[in-house]
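Work through the exercises below with the model open. Each task is followed by a stepwise solution.

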Amino acid sequence: MRQPLRILSLEDDPRDTELIYGLLEAEGILCEVTRVDTQPAFLASLEGDAVDLILSDYSLPSFDGISALKLAMSVRPNVPFILVSGALGEEVAIEALKFGATDYVLKTRLSRLAPSVRRALREADERAERKRAEEALRRSEAYLAEAQTLSHTGSFGWNVTSGELYWSEETHKIFGLDRSAKPTMDFVFRRIHPDDRDTVQRTLDHAIKENMDFSIEHRVLMPNGEVKCILALARPSKPSPGVLEYLGAVTDITDRKRAEEDLRRSEAYLAEGQKLSQTGTWACDTATREMIHSSREHRHLFGLAPDKAGIPPFEEFFQRIHPDDRGPAAEDLDRAISAGRDVEAHFRIVLPEGTMRYMYGIGRPLVKPSGDTGEYVGAVMDVTATRQSEIKLRESEAYLAEAQRLSRTGSWAWSPATGENRYWSDECFRLLGFDPAEGMPPFETFVERIHPDDQPIVAEKLERAVRERGEYEVDYRIFHPNGEVRDIHAIGHPILNSSGELVEIVGTGIDVTERKRAEDNIRQSENELRHILDFAPQQVAVLGSDRSRIYSNRAMLDYLGLSLEEWQSGDPRNFVHPDDFERMMTRDHSEFLKGRPHEIELRLQGTGGKYRWFLVRYSPLRDEHGRITRWYLAGTDIEDRKEAEEWSRRAQADLAHANRVTTMGELTASVAHEVNQPIAASLTNARTCLRWLAGDTPNLEEAREAAMRIVQDQTRAAEIITRIRLLFQKAAPQRELVDINEVIREMIVLLRGETARYFISLQTQLTADLPQVMGDRVQLQQVLMNLTINGIDAMADLDGTRELVITSQPATDGYLMVSVSDTGVGLPPERANHIFDAFYTTKPHGTGMGLRISRSIVEFHGGRLWADENTPRGASFHFTLPTIEMQA
Amino acid sequence: MGVQQQAKFVAVVDDDDLVRTAMQGLLKSVGLPARVYASGEAFLDSGHHHEAACLIADIRMPGMSGLDLQARLNAERCQIPTIFITAHGDEAMRLQAIRAGAVEFLPKPWDDELLLESVRAALER
């Protein structure tokens, strides 16, 4: 329902106002009239009351209609103002209209009032409506412009037919064209990035041809080199037939593109990061418990195909969790999601191929800016490697602890800054006698436990290590709570930082109580042994593996008249006989190299300058690897024995000589015969010679031959005599190179008479080119003679074959063997062992010394003499001799 | 001398070559041909023993002795007048030798004249 028309009436005559009111009422215009007749009241009403229409009298006692009009126009310009006057000139009326009056009605023609009011009101309404519309348009244009600016979107119209372009302000801005300039398609194409021009052209052509929408993303190259990304969208419209026009929008999507690119990149980084760190992320809807995000890596960690489209349900992930861990993990997660709390879990995953991986998962509710907690997000990290190295570390720590326990070695670290212990291993506690449960004691407490005698050295060594930033090594005793004293050997190493400052000392402590005790025992027994050795009458010395002189006992030092130091550093030439030194050195050298026990006889000079013979035995001491660590030398004074040997040798030589003389005595008849033979021959030859010379024609040729034979005879006789003389001679044993076959042949010459006497056939089987023997020719001949005579004697009283065979042949190991075999009575039964005994004889006139002496001679030459049975009868005597081949 | 024409020779058996050659030289100086042998076995093996007109042999030799040789020759009925020479004047052997047909038994050293006479006597038998 329309409200009553509120009329402000400027009228000095109330009756006129009544009249107007009545008129309008009668016309059906419901109204409320407020009558004022002064300017102040008029103004007050204009400013204070709601007014729809002003009716003003022209002439008022204190006021006039034009002034009122002006006032009303200034205060309420939109309220219609109708001038109602009794008399109004044409000019006044025009002036009033000019000043903004809506209409004028003469009081005389009040019938016009109602239509005038109606028209005024209608016009006022229209005016107000138009104003509102204008305002709205203006505002919406401003909004659009603002929106275009904010969204970097401009609008355009393109009349394809005329080629005209209409651009919004933002479109101008996007293409960088001044607002006042007229855009053209040429300009647009100049702005489009050269690489995109063809594409744009093709898209436009296609759209126009098909009368279709188009949507083009292209780049714009600005004069300053800036490149923008533009999205142009347009739709065809047909304003009139035959005209094609596109209306559309262009958006600067450079920032969005960049943001997209950045997002894509950061997503790639994230994915790569997840892959590298083996971390997967996931998210689920808290209400539905539906998995709404699972990163590629997340699915990969769970052994689910990462490339498969769609996110697998929660259940598939849970199936991968180790059965033992599945239940607790699911419960924890469920509770955390329900309660909106964070969650943290360690669990194992069993992959389809059976490998097990260790995982660490965390989750928390995702609070969106709106405060909504509809999502729960989480991350799962593969910690297998860490876990395995943790296990390994724990294992190696366990091994170390075990090793420390077994070797009774503790490790520790000490800080020079605080002067306090920084770390003690368990074994360190144990070996120092502290309880690990109570933690590391203050350094002072530890020091108090150290034996008071050792405290200063520990402090001093530690101070020095700190001062010199050097190694720390100390031995000390420590009291255990049970009163036991343990020996500790501690070693420390300084740890310096990059600027060379001492940061800490780390080291080990070893319980050396047992070792120390063992060492003490060894030292004690060594001392005892040394004491004993010093008392021993034998000379004892210890050499190193390099023959360095380490120790010599009192007996040795006293004999040499040297102090231990003089003996150790002195030249052995000072006390070893010059004739023995070279021999000692060469022999020592070879035997030392072979590492064999050996002995040598040499002369050592005693305090009086006199040399005495010593037998020095070398014996190597080897370690468990068989390496020689020491040589023990034991020297025995054999001067007396040497003298006895010398005497014995002389006695033996005498005896041998006596044997020879005796033997020769026995052979006198044979020897005489042997000498007789050449002499007889010589006489005959002499007479024959004379015969050839006598007579009338002396045969000089024959005489000369006979004389030659005489020479031969005499030579033979002289040889025999020489040999006999040699055998009778009492000479010191000589050493020379001897051909044993020659010795055999010479011997046979002497004994031929004897063999002939007993009709014995003497045969020799001598191996040619036997190596020579170093020995005494006469003594060897004596041996052969003794054996041959024994053989002859054995056969002398026997009938049958009498054969004596002498053989020489090489034997093993560079020896040669000579055998004398007879066909005689053979060895005395069951007495065979005794034939070499002194004074044992089977002959009525024997001395019983022949075989005994022969054996001595052979053994003196380094050989062996023995007897055995000959076949079919008789005895064989064999002796061996070392040849020069063996000695070489 | 008729014997010489018979081309017979004197055999000398001695194990000592000096003695053998000395004997041979002596016999040659008186124009008697001689053949020498180092042992009785060698003499027997030579096959010339049947042609020997006279034998001078040492009694003691290694292997076959002079007496053994004489016995072997007797066994073959090859009776050669034999002169034994020995260094050892074994009387027992001397008798045994004479019984076996020895013409002379001379000691060493021998007397050349006596030896030659004995040879001559043997050749003339």
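**Exercise 1.** Is A:Lys642 buried, exposed or partly exposed?

Solution.
- Step 1. Take the classes: buried is under 20% relative accessible area, exposed is over 50%, and partly exposed is in between (1.4 Å probe, protein chains only).
- Step 2. A:Lys642 has a relative accessible area of 21%, so A:Lys642 is partly exposed.
- Step 3. Turn to its partner. A:Lys642 forms a salt bridge with A:Glu601, with the closest N and O atoms 2.8 Å apart. The criterion is a side-chain nitrogen of Lys or Arg within 4 Å of a carboxyl oxygen of Asp or Glu.
- Step 4. A:Glu601 is partly exposed because its relative accessibility is 23%.
- Step 5. A:Lys642 sits in helix H21 of chain A and A:Glu601 in strand E23 of chain A, so the pair ties together parts 41 residues apart in sequence. Helices (H or I, at least four residues) and strands (E, at least two) are DSSP runs, numbered from the N terminus.

A note on the basis: this is a predicted model, where local features need pLDDT of at least 70, side-chain atom pairs count only at pLDDT 80 or more, and totals for chains, interfaces and linings use all residues. Residues are numbered from 1 along each chain as its sequence is written, chains are lettered from A and ligands numbered from 1 in the order in which they are written, and side-chain values use heavy atoms, leaving out hydrogens and water.

**Exercise 2.** What is the strand order of the open sheet of five strands in chain A?

Solution.
- Step 1. The order is E22-E21-E25-E24-E23 (chain A), with antiparallel pairing. Two strands pair if DSSP finds at least two bridges between them.
- Step 2. Strand E22 (549–552) and strand E23 (598–605) of chain A are the edges; each pairs on one side only.
- Step 3. Helix H21 (residues 639–666) of chain A packs on the sheet and touches E23, E24 and E25 of chain A. Contact means heavy atoms within 4.5 Å.

**Exercise 3.** Which residue meets A:Arg486 in a salt bridge at 3.1 Å, N to O?

Solution.
- Step 1. The partner is A:Glu514.
- Step 2. A:Arg486 lies in strand E19 (residues 485–496) of chain A, and A:Glu514 in helix H17 (residues 513–535) of chain A, 28 residues apart.
- Step 3. A:Arg486 counts as buried at 6% relative accessibility. A:Glu514 counts as partly exposed at 44%.
- Step 4. Widen the view. A:Arg408, A:Glu484, A:Arg486, A:Asp511 and A:Glu514 are linked in a network of salt bridges.

Notes:
Axes are lines fitted to C-alpha atoms, for helices over the stretch in contact, and angles run from 0 to 180 degrees between N-to-C directions.
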